[in-house]
Amino acid sequence: MKKVGHTRSQINTLSRASAPERRSTQVIFFYGFMVKNTIKSPLTATNVVVQAVNNVKPCLEVRKVRKSGRTILVPRVVPKSRQEVLAMRWIIESARQNQRKNKLSFSECLADELFYAFQKKGQARQKRDELHKIAQTNRAFLRFRWW
């Protein structure tokens, strides 16, 4: 299990995605929806956030490399700090898309998306799986990696 301070920084990053003038009320609503969603599971809201981010973290990504006049996607291992940044960015991005579609508050959409990520479902998890699939299909080009 991760340290509480690290969990706080993840939650602060996720709450910073909302408008600054409504941030404190958004955080209160967010915790309310997380508590409502965690009634279904025995974990606390902070544990759900940490596990959701861990479920969405990508291990591999692809990088474009020019080789003999064509562009090749070369897979590479993602550093730990970038894994968390990408996971939180994808969760926030999918929550914003759901907010536009459903016309709900951002805190509701963020709580729902985090709960989907906790269950290994949702748009953020699909994005991770697509990235892993692309890296798997291009693993033959691993020899072009020089960094």
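Student: How many bridges join strand β1 to strand β2, and do they run parallel or antiparallel?
Tutor: In this predicted model, 8 bridges join β1 (residues 60-67) to β2 (residues 70-77), and the two strands run antiparallel. Two strands pair if DSSP finds at least two bridges between them. Strands are DSSP runs of E with at least two residues, helices are runs of H or I with at least four, and both are numbered from the N terminus.

Student: What do β1 and β2 form, and how many residues are between them?
Tutor: They form a hairpin with 2 residues between the strands. S68, in the turn, has a positive phi of about 50°.

Student: Which residue stands opposite R63?
Tutor: R63 stands opposite V74 in β2.

Student: What should I know about the numbering and the model?
Tutor: Residues are numbered from 1 along each chain as its sequence is written, and side-chain values use heavy atoms, leaving out hydrogens and water. As the model is predicted, local features need pLDDT of at least 70 and side-chain atom pairs count only at pLDDT 80 or more, while totals for chains, interfaces and linings use all residues.

Student: What pattern does the protein chain follow along the sequence?
Tutor: The pattern reads α-α-α-β-β-α-α-α, from 6 helices and 2 strands.

Student: Where is S94 found?
Tutor: S94 lies in helix α4, which covers residues 80-102.

Student: Is S94 buried or exposed?
Tutor: S94 is buried, because its relative accessibility is 3%. Buried means under 20% relative accessible area, exposed over 50%, and partly exposed in between, with a 1.4 Å probe and protein chains only.

Student: Which residues is S94 in contact with?
Tutor: Leaving aside neighbours within four places in sequence, S94 is in contact with E113, Q123 and A124. Contact means heavy atoms within 4.5 Å.

Student: How many residues has the largest nonpolar core?
Tutor: That core has 22 residues, and those with the most contacts inside it are V56, W90, I91, L110 and L114. Helices α3 (45-56), α4, α5 (106-118) and α6 (122-137) each supply at least two of its residues. A nonpolar core is a set of buried Ala, Val, Leu, Ile, Met, Phe, Trp, Tyr and Cys residues joined through side-chain atoms within 4.5 Å.

Student: Changing topic, how many disulfides does the structure hold?
Tutor: It holds 0 disulfides, a disulfide being a pair of cysteine sulfur atoms within 2.5 Å.

Student: Is C109 buried or exposed?
Tutor: C109 is buried, with a relative accessible area of 2%, whereas C59 counts as partly exposed at 40%.
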